Amino acid sequence: MHPIRAALAAALCSLAVPAKAADIEAGRQRAQQCITCHGAEGITADPSIPSLAGQKERYLQWQLVFFRSGRRQNPVMNTLAAALSDEELRNLGAYFASLPRANPPAGAPDPALHARGKQAAARHRCAACHMDDYGGNQAAPAVAHQTRVYTAKALQDYRTAARPSVGVAAMNEVAGALSEEEIAALAVYLENPD
Amino acid sequence: MAAMPTPQRPGLLATAAIAAGLLFTAAPAMAQLKSYDSSRPSFWQNPPPDWFLGDETEEQKGLAPPVGPATPTPLAELQENLKKIKLPPGFRIEVWAHGIPEARQMAWGDNGTLFVGSFGATNVYAVTERNGQRSVATILKGLNMPTGVAFRDGALYVAAINKILRYDNAERSLENMPQPVTLYDDLPPYVAHGWKYLVMDREGAMYFNVGVPFNIGIPPAGTAHIRRVHTNGLGEQVAMGVRNSVGGDIDPRTGQFWFTENARDWLSNDLPSDKLNRLERIGTHFGYPYCHQGDLPDPKFNAGQNCANFTPPVLNLGAHVAPLGMKFYTGSMFPAEYRNNVLIAEHGSWNRRVYQGGRIMRVQVDADGKNARQEVFAEGWLTGAQEYSGRPNDIIVARDGSILVADDWAGAIYRISYSR
C-alpha cells in the first residue's frame, strides 16, 4: 500500500473509534426518539432531514448544544434537545458517528449544475475545513452525500445567520457570500462529489 | 522539519487527506499553497471567510484551529487529566469548578463571587459559595463573544466585541441581572480578534486591545492598538502596533500596564515569537505589522521600517504558544520568590505542526522590564502532537494566595495552591 494511503486508512479507522468518555450503547438507546425522523440507521428517508450516520461526533454534539440553547432554531429539535444532559448529548454524538455513512442520494444528475457546484466549492475553499473528500474533520461536518434539499437549507440558514458557526469557523461568513445559484449548484455537487 | 504526528492523531488525517487529494483528484490547483493579497483595504473590508488562514507555508499546510468539545469535560475526566499536570515541588492542582462552557476571563466581585466570561457560548457565569457548596450559574446570555470581564464598585463590566457594558449592583442581582449601561461603543464590529480582555487600573480605567480582523495585513484604521477607556466613557489609544492581545495586568510595583501579544501566523513553525510587553509611555509602537518579536521584519509588510525603531518586547515567549491571560502574583501563599512574578496562561498552538503551549509559564522580571527569564510552571494539558486535554486561558489570584486557572477547552476552573 502506498504509505500515504496506508496512513489515511489508519487515520480513518482510528477516527471511527469514539472518544473514551462517550457510551455508544447508551447513545443507541437514547436515540430511539431520533430515528423517527433521522432513520433507523441514522439514514433519513425524508430529503429535508439530514442523515446522521457516520457524521462527525464533535459536529453532532455541537449542534445538539446549539439546539438545546436555542441558538439554532427548530421547534422539534429545540424541544428534544432541551431534555438532554451533557452526558446524553455526548453519547448520542458518539452513537450516530459510529454508524456507516449513507451512500450518495439517488437522483437525476445534472452534469452542468454539478460542474458549477464543483467550481463554487473550489472558489469558496470548502475543502479547507471539510476536507478534499468533503467527509469532514473535527467539528466540520461531512457535507458529502447529504440530500440537495437539506444542504441548500443549511447553506441558506448559515447565510442568514439563522444557525451559528462553531468556534472560529466561518460558515456564516462563507455562506454570506453565496448566491442562490451557487447554493443550488453546491447542493447538487455535494450529493456526490466523488 | 518537525516530527510528523503519529497515525492516531486527527492532524495526520488532515495531512493525509490533503496529500490524498493531491494524489487522487489530480487537480493542479490543490498542489498550490494558499495565498492572500492582504495588502489592500478590500482584504479587510471583505475578508476571506477563512480569515484566520494566511499565506501558507509548506511546513504548515492544512493546519486549522482545533475545535474543542461541545460540552464541558465531566468531573471524573478532569480529575484524570489533572493527574498528568506537572508542577514545581509543593504545588498542587485540583478542580475548583466545572461545567462552565468555554470559560474565559475571570474577575472577583467584592463579596467573593467569581465572574467568568466565555467565548462562543455567549454567556457570563457567576461562581458562588454558600455553606461550603460552590455552584455555577449562567447570569447573562446571548452576548457577542463576552470574553472579557472586570469588576469595580459593585459593577460588573463585560466586553462584547464592540461594546463595553456595565451591570450595576451585579453581585446583589445574580438571579436577575439589571439592564446594562453601555459604557463605551466607539469600537469596530470585527469579530475576528475582536474578543477582548479587560485590565482595570487603580483608577478604574480599562485597558483592552482592538485587534486586527485578520492574520497579517495593513490594519484598518482604529485597530491594532491598546485602548484605555476611563470610567466616564472617554477612550484613548495608548499603545500602537499591537496585533492581538488577550491578556494583561497592572504591575503592582509601578502601576504600569503589561500585556501579552499573539504574533502573526503562517510564517513558519518556529517564527515569530509571541511576546510579553510593557507599556512605559503612551503612544509607544510595538511593531505590528512591520516587525515581529522586536527584530524580525515582516516579509510582506515591513514597509521599509527599521525594527530597532519599535519598542521591543520584555520577553519573547516562543512561537505559537498563544499567551493569553496573565497576572502578577500578589498573593502570600506561594514561596516568597514568586512575589510579583508574571504568571501567563498559554492557550497553545494551532498554526504549528507540533503544538506547544497549553501550559502556565512563570516569568521573573524587574519592574523596568530588565532581567526577564521564564520557566514552565504547570504543564501537561498538551497530550499529543496536536491534541489537548485542556487549554488554560486565564489566571486570577485568590484571596488566600492560591491561583485559579480558567480552561475554555474543558469548561473548567482549576485551583493551584502551595504548602510547604
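In what order do the four strands of the open sheet in chain B follow one another? In this predicted model, the order is S14-S15-S16-S20, and the pairing is antiparallel. Strand S14 (248-250) and strand S20 (315-319) of chain B form the edges, each pairing on one side only. From one strand to the next, the twist averages 15°. Strands of a sheet pair through backbone hydrogen bonds, in either a parallel or an antiparallel manner. Between S16(B) and S20(B), which run antiparallel, there are four bridges. Within this part of the sheet, Ser273(B) stands opposite Ala319(B) of S20(B).

Of the 420 residues in chain B, 51% are buried. Among the contacts of chain B with a separation of 6 or more, 55% are between residues 24 or more positions apart.

Most peptide bonds are trans, and most residues other than glycine have a negative phi. The loop between strand S15 (257-261) and strand S16 (273-279) of chain B contains Pro272(B), which is joined to Leu271(B) by a cis peptide bond with omega of about -15°. The loop between S15 and S16 of chain B also holds Trp266(B), a residue other than glycine whose phi is positive, near 65°. Trp266(B) is classed as buried because 20 other C-beta atoms lie within 10 Å, and the threshold for that class is 20 or more. A further cis peptide bond runs from Tyr288(B) to Pro289(B), with omega near 0°. Pro289(B) is placed in the loop between strand S17 (284-285) and strand S18 (291-292) of chain B.

In chain A, a positive phi of about 50° occurs at Gln138(A), which is not a glycine. Gln138(A) is located in the loop between helix H8 (127-130) and helix H9 (148-159) of chain A. With 25 C-beta neighbours inside 10 Å, Gln138(A) is therefore counted as buried.

The UniProt record, an unreviewed entry, assigns the feature "domain: Cytochrome c" to residues 22-100 and 112-194 of chain A. Residues 22-100 of chain A are 57% helix and 0% strand, and the end C-alpha atoms of this span lie 18 Å apart. Gln138(A), with its positive phi of about 50°, falls within the annotated range 112-194 of chain A.

Definitions and conventions
Residues numbered from 1 in each chain as written. Chains lettered and ligands numbered in written order. Predicted model: local features only at pLDDT ≥ 70, side-chain atom pairs only at ≥ 80, totals over all residues. Buried ≥ 20, exposed ≤ 12 C-beta atoms within 10 Å, placed from the backbone. Contact = placed C-beta atoms within 7 Å. UniProt positions renumbered as here; feature names shortened; annotations may be inferred. Helix = DSSP H or I, 4+ residues; strand = E, 2+ residues; numbered from the N terminus. Pairing = 2+ DSSP bridges. Axes fitted to C-alpha atoms, helices over the stretch in contact; angles between N-to-C directions.
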